[in-house]
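Please read this briefing with the sequence and the 3D view side by side, and find each element in the view as it is named.

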Amino acid sequence: MDQAAQSIALTPKDFKSALKPVWCPGCGDFAVLNAITKALAFMGLPREEVALISGIGCSSRIAAYTSVYGFHGVHGRALALASGLKAARPDLTVLVAGGDGDGLSIGGNHFIHACRRNMDMTYIIMDNEVYGMTKGQASPTTAPDWADSKLTPHGTGIRPFQPAGLALTAGASFIARGFTGDPNGLAKILVAAMEHKGFSFVQALSPCPTFRPEQMQWKHHVKAFDEEISTNPIEAARRIQADDGMSTGIIYQHEHPVFRPGTGVDNGMGSIESEFKI
Amino acid sequence: MNSQNTCDISLAITGSGGAGSITAGELLLSLAGKNGCFGMMRRSFGPQIRGGEAAALVRISHQAVECMNDSFDLLLALDWNNADRFAEEIALRPDSLIIADPAAGDIPEAFRDLGVEIIEVPMKALAKDITAGRPNMVALGLLSHWLGFCSDEAGKLIDQVFGKKGEEITGGSRTAFTAGFTEPLIVAAREARPRPERGDRSFKGERWHFNGNQGCGLGAIRGGIRFAAAYPITPASDLLEWLSPRLEQLGGSLVQAEDELASINMVIGASFGGVPSLTATSGPGLALMTEAMGLAVASEIPAVVVNVMRGGPSTGIPTKSEQVDLNMAVYGLHGDAPHLVLGALDHADCILTTEWAVRLAEALQTVAIVLTDQNLAQSTVLIPEPNYQLPEIAGRLIAQPTDGYQRYELTASGVSPMAIPGTASSTYVADGLEHTESGKPSTAAADHLAQLEKRSRKIHSFDFGKHWADVRGEGRTAILTWGSSSAVAREAGSRLRAAGHDVKVIALRLLLPASPEKLANELKGVGRVLIVEQSHSKQFHHYLRAYYDIEADTRTLARPGPLPITPAEIVEKIDNWS
């Protein structure tokens, strides 16, 4: 089969690897994996032209569960890995995925700078408001009164980040929220995110049945934003602030200049070597 | 030895920031090249961002020099603002000479008490009478006369350097230069002293003019680096600034990262994408990068880090030199993480060592740390065009499209073919988790052992050839050193040999993996070893104790920065061995 025909024929299943996820039964992350593979199949991308980069945590294991190129890096640095890859290889479709701790705590600096840098890539935070792999500690999106962690037995006492608001302030050009209880809706958001030219941020509400079983009730609270996509950051900020964090849909999209370093052609070493001569 | 009467002259030009002492020094070094000489210049600054004080420390010789001399023959002070701060850096002898402006006030005690001869030239007043004339150009004229340089060449150089700034500045600079060059006081003083011998100035080859950071930059791009990520840090920033436009000229790119954690991860990401990649930093930045270097080792992604050492720990003395990140480079990675550490020995060697490091990192799919220091990085040399011949090293082993591709296949060499994104049928996940041959995460003892041995094998079974060290001379006494101390040790070796000692100088270029058998071979018949390094805690000595067996009577010359080790210190240590 020639390559073009092969790529047309790919189904979501073709984008999955043979590995069995380490995730707990009922974990929202399965739905994120499904949404990603659906979106990739829908877009008809050849597997070898996609790279999925992740950090460390339950959700960051996702790279190994797809059949595209992947990099499972160190904790918090997935966006930096991905930025280097995209700078060197602008031809690739670059996806980045990880958890709320990975992306907003240890990787927080890279998150705001990736938003600001606006390279053409898609970042999915699989948000379950907890560190699962280390067995249940509060993350930057955990409510201040969640007292079920041995590390913070009185709750964190500090207000959580609002990831969409943070992304907006930092300059992200595409901001959306999806829910793993609606994998088709999430897949649609991911397609729009990947089609967006620039840095697209998708917060995927992804319940943790093990350490946050109460999140299994999210399906009763999640609702769609009843407004159209905003292209106005002031309006988008109002919507984010007015919302309880459970509304889904594309919140904000705006065309900003995409950062693409080094678009020069190779002029050879000659003139550089001659600079050294007196 | 009164070297004012030879053609190996060391001089210092000091002034407050903005007085132009650095510009004068740079022009003087360029003129040296045009007058058949070689030389070197170190810049010394205080910690101020702008202003403060600045000194150009210049050595000019008819022979190529690779380090500064022990003391200075001549100090020219444009003014004396904060000059006390340079006193310990500018060692004068009783027979040295000071040229100073009488308008600049009293000569500081630190200099005056030496009883050296002082010539007072009103440089400021001379410049004031010239439209767009500046005292530093008068100083350049004075020094050019003192050194016997050709004034026509100076005029041409001034036109070339200041041409862009317009006729008024160029003309003013030329006139000020001539005022200094023909200044009667200096002409008379020069006449009163014996003329320096010209020495052999028959060298007809190309002269190169560059600093160590530029040398590393050139080595990097010669090695094939086409992506760099950068976070500014003294004294590595100017290496990154040098690379930025040049990578673009080569169709590559540089990204300024948000921090060092990002820059090393960007490098790893770009290299995963198939593009040879590098970053440069200094001590504190290297500390931040060590976690990700472990990732590059485990996931077998080539990555090169040039670490320009400075005084530490912490912010330490960021504008001065010390050889103190050896421990971190050798031992700083977590886990059992075989990697490469190389140290550049001199300015020309910055080119060779960085190119070699890039080629090795690519061939062995691992991390290479190149250690240089502020001393090399920010001093400029004027030397014969460096020529070297690295052994043939195969480039990165790239996987062709294959079904059943195994990224971490256990090969005999330990190097396995690497698939580059875009290659069909060979998609894989690079992983910092321990893994099987296919890259599947694994905690099995057998997989861990197999992958540890693979990563070790590819480095330890590789033939690094003759470039592991630079060895000069023969003798029962050996000086064993590394990094920028090597050039100093070589000069000490030459002096000792001239005085009748048989001395061998061994400078280690490849620090990891260690080469115990090669060193043992070089130390056959050596009875005394002097270990020379610029580190208070003797990091190099401890490294040698860890990896090598040295049976000879061993002494150390180890002291901290910021003052450079001098050839005289080494000579003295060997002279007073017993």
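**A sheet in chain B**

In this predicted model, strand E16 of chain B and strand E18 (residues 503–508) of chain B pair in the antiparallel sense, and four bridges link E16(B) with E18(B). Within this pairing, Asp470(B) is the residue that stands opposite Ala507(B) in E18(B). The points below start with the sheet to which these strands belong, and then turn to helix packing, to the contact between the chains and to a single residue.

*The sheet and the helix across it*

- The sheet is an open one made of five strands of chain B, which follow one another in the order E16-E18-E17-E20-E21, and its pairing is mixed.
- At the edges lie strand E16 (469–472) and strand E21 (553–558) of chain B, each of which pairs on one side only.
- If direction is ignored, neighbouring strands of this sheet are turned against each other by 20° on average.

- In chain B, helix H4 (residues 135–147) and helix H6 (residues 167–181) pack at an angle of about 45°, and their axes are 6 Å apart.
- H4(B) and H6(B) are therefore oblique to each other, and H4(B) passes H6(B) in a right-handed crossing.
- Among the residues that meet in this contact are Met137(B), Leu140(B) and His145(B) from H4(B), and Ser173(B), Phe177(B) and Phe181(B) from H6(B).
- The residues of the contact of H4(B) with H6(B) divide into nine nonpolar, six polar and no charged.
- In chain A, the axes of helix H2 (residues 29–43) and helix H7 (residues 183–195) come within 8 Å and cross at roughly 50°, which makes H2(A) oblique to H7(A).
- The crossing of H2(A) and H7(A) is right-handed, and the residues that meet there include Ala31(A), Ile36(A), Lys38(A) and Phe42(A) in H2(A), together with Pro183(A), Leu190(A) and Met194(A) in H7(A).
- The residues of the contact of H2(A) with H7(A) comprise 13 nonpolar, one polar and one charged.

*Where the two chains touch*

- Between the two chains, 53 residues of chain B are in contact with 41 residues of chain A.
- Helix H10 (residues 260–272) of chain B supplies the largest share of the side of chain B that touches chain A, namely nine residues.
- By residue type, the side of chain B that touches chain A divides into 29 nonpolar, 15 polar and nine charged residues.
- Strand pairing also links the chains, as strand E2 (residues 69–72) of chain A and strand E15 (residues 429–431) of chain B run parallel and are joined by three bridges.
- Here His72(A) stands opposite Asp431(B) in E15(B).

*A residue in a loop*

- His334(B) sits in the loop between helix H12 (326–331) and strand E12 (340–343) of chain B.
- Is His334(B) buried or exposed? His334(B) counts as exposed, because 12 C-beta neighbours lie inside 10 Å and a residue with 12 or fewer is classed as exposed.
- His334(B) and Ala292(B) are 42 residues apart in sequence, while their C-alpha atoms are 9.8 Å apart in space.

Methods:
Residues are numbered from 1 along each chain as its sequence is written. Chains are lettered from A and ligands numbered from 1 in the order in which they are written. This is a predicted model: local features need pLDDT of at least 70, side-chain atom pairs count only at pLDDT 80 or more; totals for chains, interfaces and linings use all residues. Two residues are in contact if their C-beta atoms, placed from the backbone, lie within 7 Å. Helices (H or I, at least four residues) and strands (E, at least two) are DSSP runs, numbered from the N terminus. Ala, Val, Leu, Ile, Met, Phe, Trp, Tyr, Cys and Pro count as nonpolar, Asp, Glu, Lys and Arg as charged, and the others, Gly among them, as polar. Two strands pair if DSSP finds at least two bridges between them. A residue is buried if 20 or more other C-beta atoms lie within 10 Å of its own, exposed if 12 or fewer, and partly exposed in between; C-beta atoms are placed from the backbone. Axes are lines fitted to C-alpha atoms, for helices over the stretch in contact, and angles run from 0 to 180 degrees between N-to-C directions. Angles under 35 degrees count as roughly parallel, over 145 as roughly antiparallel, 65 to 115 as roughly perpendicular and the rest as oblique. A crossing is left-handed if the near helix is turned anticlockwise from the far one by less than a right angle, and right-handed if clockwise.
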